[in-house]
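How do helices pack against one another in a protein? Look over the sequence and the structure, then read on.

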Amino acid sequence: MSDKTQDNSPFKKPTVAVTGASRGIGHAIVKEFHNSGWEVFTLARTPFSEVCPWAEGIVQHIEIDLADPVSIRASLAELKKRLGNRGLNALVNNAGISPKAEDGGRMSATGTSLEDFQRVMMVNLMAPMMLCSELLGPLQQAKGAVVNVTSIAGQQIHPFAGSAYAVSKAGLSALTRELAFELGDKGVRVNAVSPGEIATSILSAGTEEMVEQQVPMKRLGSPVEVAEVVSFLCSAKASYVTGAEIPINGGQHV
């Protein structure tokens with residue numbers, strides 16, 4: 001991402017916070033921003049990933065449990081402390097969970113326990129709302145951007161993604177629109193990307209056959225292809241884009 005409006009001097013790097021940054025799409029997003037000269041803060045339940053490509057990343061990492069509101073508030077207080085008097089140029093709500101049945105299959109609406117449903121809603125929907133609310137001050141200061149990572153499962157029945165996951169991602173799409181409407185006059189843009197079948201380590205068995213049947217481009221997407229769209233939405237090149245949800249699925253939605 002080359003952005004002539006960004007000042008990438010050591011003291012004025014744009015700042016971005018990314019949740020779920022330890023693997024897959026989140027890790028690709030972090031690498032994309034880092035390679036583009038941004039100062040990256042990673043937020044994840046796990047410790048800093050050893051496969052991340054820069055040494056300073058370990059001191060920019062904050063452990064957070066997105067299922068626990070107390071942990072969220074404490075971790076975001078630490079993030080704001082590290083930002084100091086700087087604003088936050090971008091927030092990427094990438095983290096999400098999709099529990100499976102005991103046999104590895106999708107969890108139906110009537111077959112999902114209330115506890116599992118509530119946990120998925122907390123991590124996938126309520127936590128992004130809390131992050132936007134708690135970080136609104138730094139985002140306003142920088143006239144920043146928020147990108148929520150939704151899913152094709154939030155728009156149509158998916159053979160592998162469970163019901164709770166689908167409902168949470170549909171809710172995140174609606175939240176994206178609500179926040180874009182609410183924060184537009186505050187200078188904060190809010191958009192979403194909606195990935196389809198992306199080549200990560202958590203693909204379900206049978207995905208390749210589904211891609212052959214349902215995806216016009218006849219291939220999986222790569223995490224980098226998602227990261228590049230996220231990067232665009234956070235850049236000045238998308239300065240008049242808000243309330244949008246961009247499908248990244250090789251035409252699967254058509």
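## Terms and model

A crossing is left-handed if the near helix is turned anticlockwise from the far one by less than a right angle, and right-handed if clockwise. Helices are DSSP runs (H or I, at least four residues), numbered from the N terminus.

This is a predicted model, where local features need pLDDT of at least 70 and side-chain atom pairs count only at pLDDT 80 or more, while totals for chains, interfaces and linings use all residues. Residues are numbered from 1 along each chain, and side-chain values use heavy atoms, without hydrogens and water.

## Helices α2 and α3

The crossing of α2 and α3 is right-handed. Helix α2 spans residues 69–83, and helix α3 spans residues 114–134. Their axes (lines fitted to C-alpha atoms over the stretch in contact) come within 11 Å and cross at roughly 35°. Angles run from 0 to 180 degrees between N-to-C directions.

Contact means heavy atoms within 4.5 Å. Among the α2 residues that meet α3 are Pro69, Ile72 and Leu76. Their partners in α3 include Met122, Ala127 and Leu131.

## Helices α1 and α7

Helix α1 (residues 24–35) packs on helix α7 (residues 223–234) with axes 8 Å apart, at an angle of about 50°. The angle therefore makes α1 oblique to α7 (under 35 degrees is roughly parallel, over 145 roughly antiparallel, 65 to 115 roughly perpendicular, and the rest oblique). The crossing of α1 and α7 is right-handed.

In α1, residues including Ile25, Ala28 and Phe33 meet α7. The α7 side includes Val224, Ala227 and Cys234.

## Confidence

The pLDDT (the predictor's confidence in each residue, from 0 to 100) averages 88 over the protein. At least 70 is reached by 88% of the residues.

Conventions. Helices (H or I, at least four residues) and strands (E, at least two) are DSSP runs, numbered from the N terminus.
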